[in-house]
Amino acid sequence: MNLEEFRNFTIQDYHALFARGELSPSALLEAFFQRIAEVDPLLHAFLFVNRENALEQARRLEKEWKDRDVYPPLWGIPVAVKDNICTLGIPTTCGSRILEGFVPPYNATVIERLERAGAIVIGKTNMDEFAMGSSTENSAFGPTRNPFDLNRVPGGSSGGSAAAVAAFETPVALGSDTGGSVRQPAAFCGIVGLRPTYGRVSRYGLVSFASSLDQIGPMARTVEDAIALFEVISGKDERDSTCAPYPPFSREEIPPQEDIRTMRIGLPREYFSEGVDPRIVKVITAVLRELEKEGLELVEVSLPHTDYALEAYYIVAPSEASSNLARYDGVLYGVRRGGDQGLQDMYFQTRSFGFGPEVKRRILLGTYSLSSGYYDAYYLKGMKVRTLVRRDFEEAFATCHLLVTPVSPVFPFFLGERTENPYEMYLADVFTIPSAMAGVPSIAVNCGYEDGLPVGMQIIAGPFQEGVLFALARFVERMLSLPLPFPKIGPERRS
Amino acid sequence: MENVYVTIGLEVHCQLLTRAKMFCRCSTDYIGKTPNTLVCPVCMGLPGALPVLNRRALELAIKTALALQCEILPEVVFHRKNYFYPDLPKGYQISQYDFPIGVRGVLEFALQGTKKRVRIRRVHVEEDAGKLIHEGPELRGTVSGVDFNRAGIPLVEIVTEPDLHSPEEAKECLVMLRNIVRYLEVSDGNMEEGSLRCDANVSVSLSPETPGAKVEIKNMNSFRSVFRALSYEVERQAELLRAGKTLVQETRHWDEVRQVTVPSRGKEEAEDYRYFPDPDLLPFRIAPAMLQEIQATIPELPLQKKERFMREYELPEPEAYILVQDRDLAEFFEACVREFPSPRAVCNFILTEVLKNLNSLNIGIRESKVTPSMLAELLKMVERKEIGISLAKGIFEEMFRTGMGARDVMLKKGISFLTSERDLEKVVREVIEKNPQSVADYLRGKEKALHFLIGQVMRATRGQANPEVVKNLLLRELSSGE
Amino acid sequence: MHARVSFEEIRKIAHLAKLSFSEEEFARFFQDISDIIAHFEKLNELQLEGVSPTSHISWSEPPMNTDEPVEWQGSDLVLQHAPRVEGRYFIVPKVVEKEEKPS
């Protein structure tokens, strides 16, 4: 079977073939497994390929649904899952040595929902350790490479999921976004990535990095598929106190096509400053011109605290992380080192061995910010700045329906290019952090290629306005009609 | 002890009587259970697990704070207390920091008839840790074992101001607190089982102006330990001060075996817990309606009940004090008095025979087969002189054992009422005849001889006679026989 | 806010977080941390008086559990995969409880 035929498929298209008996879930899976076998040795998007289990599930589904042609929304669809989402019986490492060999005894809520909708977990994808990073170079198990140029990063921390979808090793994937970890890799790999409103998707089973910022988001080749995934995973969960008490997202929330032309789009000036790579500005500006031609109104707005959001984030997120990662102590699960010299010896050796340098940096930063004498100066201050950042967005959305910005100020960079200076790496998230701090939803969509590399555009909406978000994203997608990625993965760069 | 100024504050933890744990649905019924069976991803702190508050735990904590007359804070906020220890699976405890459930409350209790008042600094709620064992068949080598069955059980923490001024006061305060949580049915309040734990801060100085150094005392596992530990510590500090030494703030452990406090070895620096609001639990406001509902469930508390018993039933303070220690017992008393309105008699019988029988079977009054009505009936019989008090005690024991009423017990045992004075007269004369020496002794002035004769009559009637009546008859016979 | 972070402070922080470093490593980490913390100075440009901190993004009432116990069947799995287990206990190096437990 040649996957090439499916490269522009949405989930509905697969279902049509299933219904006609022209394709079966197990055959589809086999095709993807073959693709993975071919390209993943170079790409390294997967940490675990769920071969037997997935095929078993596929066969079970086929048996149960024989002779039926109306399927649950994700029936027979393979989904790659970022390795910080707990999957029962399937190793979950969070890209860290400290959880090497950890097999969760339970499923995250999103996994339960996926499986109830008939989806099949095809494998677990690579990531920056504990979701801390913007390039997937912080994985303890080696980096993932950008499918468009193997010498470049796929972005992070959901780099594995992004690369897998872009390279068509899987039709859809789940990632997680704390400060940009779904949107930035989606942009670097030319696919769609949604960061939902905080609280829209249950975090039960998502290994926590920064609890007040983490969200699980769909990553897909089309807006349509992102919608399908989002409908299944979103909605209230009694096991997550921070999950909003609303029903799952429904596509009914998406306003009709005609309404798009009446929308006012805000362009925050802070996101279009000199610091942005001119090629990115060029591509996005071209898209904006076209949108104007289509009748949308573009206005300049200001989000004055954009510059401060990064610092506040690097106080708040590591603080929460330093506490969330205290449970990795060698007692109950994961790896253990030392202990011959007593309990403290076990703690120090386990954690010093098990955590990589970026995680250690953030634990130190976070512990410092929360420590006695510094709480007011750092953590409290960070939380106050967060309030100001939220207000920026509230004010902007009083006059605009949506905001449009670049996703990243930089192109997908080379492996090793930013690893020397941590702060350099942090700057890669400067456009994705503010909306995360405000808790508002945003989506990355591919809006073109420059020098053979994808350029992503970020659309931001007000809280719980994913419908409006999807509306414009779909509009842009149709307007641009870009070919869906199916890069030839090899040593030479190809577009 | 003269010229010694003692200041004591208590920090008390009570396990709340919920059926499920504080942040997950595991059962709280952990005593005697196989280790690590009442656990789940949440209370074991597995990666990805999240807490959800048990509403009942919150209600019981609020109830406790209200009963202690605290001001209830409008918003419920949880904080994380961060530190590493094997019984703490997440590496932090979910607790409360600057926004406890209640503040500025009051606890009143009595010490030898004098009413005392202790201010309550705060009441807050937090989760319990797991249990560490240091020896056992499973432990081979220098290791310890962890059991998480207890991890996540809801606790209410009650902190007093340092308003106590002697070990006696501290103990009585603790006893009152225990009784209150039992009255409220928020906790079992059992120190031996660990559902009530107490740490104390003791500070001694030789003059009222200079404050002493605050010494924390831990590991007191019974009321008696609390009293002894504090007494020891006060003496220890006083001695050092008198010898001119200065005391430092420290933590000490009570050694039950050696009956001394010993310094806790450990880090010199105070632990930095890095409290911050738990981002996994959203703060929310308590609805006033909820507060009203909970307030309505608070019963009459021990001190009020004691004072009312003293007023309404004219019971002396020591007796009233014992009666109200146990709410069920106090209610039993009142129910009985409603049918047999001689409170002193009821009280005496309860404090002697009823308690004795309860203790022998190691049960509480709730499990007693004897109801207040049944006791009332028995006591009425005694009042009407149908039976004597010592017979009544025996009958009660049987009632207690079998659940039969007084009359049924008597029928079963073949004890009949000796109402006929003529029968009794006959027995009395027989006894007088058979015991001339005793009669002579009595007539010579030996009171004891009379008792002997009464005893003989009682024996002859197998205890069925009313001893008062027997005594009168004997006296009549003996005086007439002169 | 402190622009200068001291070596000693970070050593204490590392100790609190149960992380140990070689001297070389520590020097590098110390440099990284100081640089990042130096950037936090920027926040001092803002007027934060009277701004309430956002510690949570929340709505009315969060979900709460009913007080009905539910048994979880997975405890055996956790014991199976734990670093060290004897019987049904998780084993750790011997803890001298009175010495080490923070109050």
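Visitor: Is the crossing of H7(B) and H9(B) left-handed or right-handed?

Guide: Bear in mind that this is a predicted model. The helices here are H7 (residues 327–339) and H9 (residues 372–383) of chain B, with axes that come within 8 Å. Their crossing is right-handed.

Visitor: How many nonpolar residues does the contact of H7(B) with H9(B) have?

Guide: H7(B) brings B:Phe332, B:Ala335, B:Cys336 and B:Glu339, while H9(B) brings B:Pro372, B:Ser373, B:Leu375 and B:Ala376. By class, there is 1 charged residue and 1 polar one, and the nonpolar residues number 6.

Visitor: Over to chains B and C: which element gives the largest share of the side of chain C that touches chain B?

Guide: In total, 36 residues of chain C are in contact with 47 of chain B. Helix H3 (75–81), strand S2 (89–93) and helix H4 (97–100) of chain C each supply at least two residues of that side. The largest share, 5 residues, comes from S2(C).

Visitor: Which residue of S2(C) is the bridge partner of B:Gly145?

Guide: Strand S9 (residues 143–147) of chain B is joined to S2(C) by 4 bridges, and the two strands run antiparallel. For B:Gly145, the bridge partner in S2(C) is C:Ile91.

Key: Residues numbered from 1 in each chain as written. Chains lettered and ligands numbered in written order. Predicted model: local features only at pLDDT ≥ 70, side-chain atom pairs only at ≥ 80, totals over all residues. Axes fitted to C-alpha atoms, helices over the stretch in contact; angles between N-to-C directions. Left-handed = near helix turned anticlockwise from the far one by under 90°. Contact = placed C-beta atoms within 7 Å. Nonpolar A, V, L, I, M, F, W, Y, C, P; charged D, E, K, R; others polar. Pairing = 2+ DSSP bridges.
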